[in-house]
Amino acid sequence: MKRILVIGCPGSGKSYFSKKLAKKTGLPLCHLDMLFWNSDRTTVSREVFLERLEKVLDTEEWIIDGNYGFSMELRLRRCDTVFFFDLPTDVCLKGVEERRGKPRTDMPWNEADYPVDEEFIEFIKTFRTERNPIITERLAKFPDRKIYIFTDRSQADAFLDGLGD
């Protein structure tokens, strides 16, 4: 376990898990949102994002937290382990609401400084029906990867507990 992807719906606990996993393993952590977003809530071009991502992928060890479907197969080709958070929609929506206004190291801007993004909320509401089948299809192309699917946060906590300190 040296090149790890953590994927799943926003609000599912990916970043929380990634931070805990990085602490336990000592592996460097990259949040894709930090590669894609600027501090003023604008985004970089796809080309710039992919250049930044390639720099991470070219290193020997990493944990990459985030989805960004257009780059998922690129990351799947280079990883050895995937953690897929497949949690119920209501849990993800609650997760987004609970983190609002709290300091985050996985985003370059503070959500509390902006109104609720209804498009983002709709993305979460449709994630399981629209995105999960695509993710599942992509994962099936890489049967040699170690894939963990969490359907409950307690499963992720149990995995981390199993790693010890």
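A nonpolar core is a set of buried Ala, Val, Leu, Ile, Met, Phe, Trp, Tyr and Cys residues joined through side-chain atoms within 4.5 Å. Keep that in mind for the legends below, which show a predicted model.

**View 1. Inside the largest nonpolar core.** Here you're looking at a core of 43 residues. Phe17, Ile64 and Phe83 have the most contacts inside this core. Helix α6, which spans residues 118-140, gives the core its largest share, with five residues.

**View 2. Around Phe83.** Who are the residues that phenylalanine 83 touches, once you skip those up to four places away in sequence? Met1, Ile4, Leu5, Val6 and Ile7 are among them.

**View 3. Helices and strands along the protein chain.** Count them up and you get seven helices and five strands. Follow the sequence and they come in the pattern β-α-β-α-α-β-α-β-α-α-β-α. Of the contacts between residues at least 6 apart in sequence, 76% join residues at least 24 apart.

**View 4. How the protein chain packs.** A compact globule of 165 residues would have a radius of gyration near 15 Å, and the protein chain agrees because its own value is 15 Å. Its C-alpha atoms fill a box of roughly 40 × 35 × 35 Å along the principal axes. As for burial, 42% of the 165 residues count as buried.

How values were computed:
Residues are numbered from 1 along each chain as its sequence is written. This is a predicted model: local features need pLDDT of at least 70, side-chain atom pairs count only at pLDDT 80 or more; totals for chains, interfaces and linings use all residues. Side-chain values use heavy atoms; hydrogens and water are left out. Helices (H or I, at least four residues) and strands (E, at least two) are DSSP runs, numbered from the N terminus. The radius of gyration is taken over C-alpha atoms; the globule rule is 2.2 Å times the number of residues to the power 0.38. Buried means under 20% relative accessible area, exposed over 50%, partly exposed in between (1.4 Å probe, protein chains only). Contact means heavy atoms within 4.5 Å.
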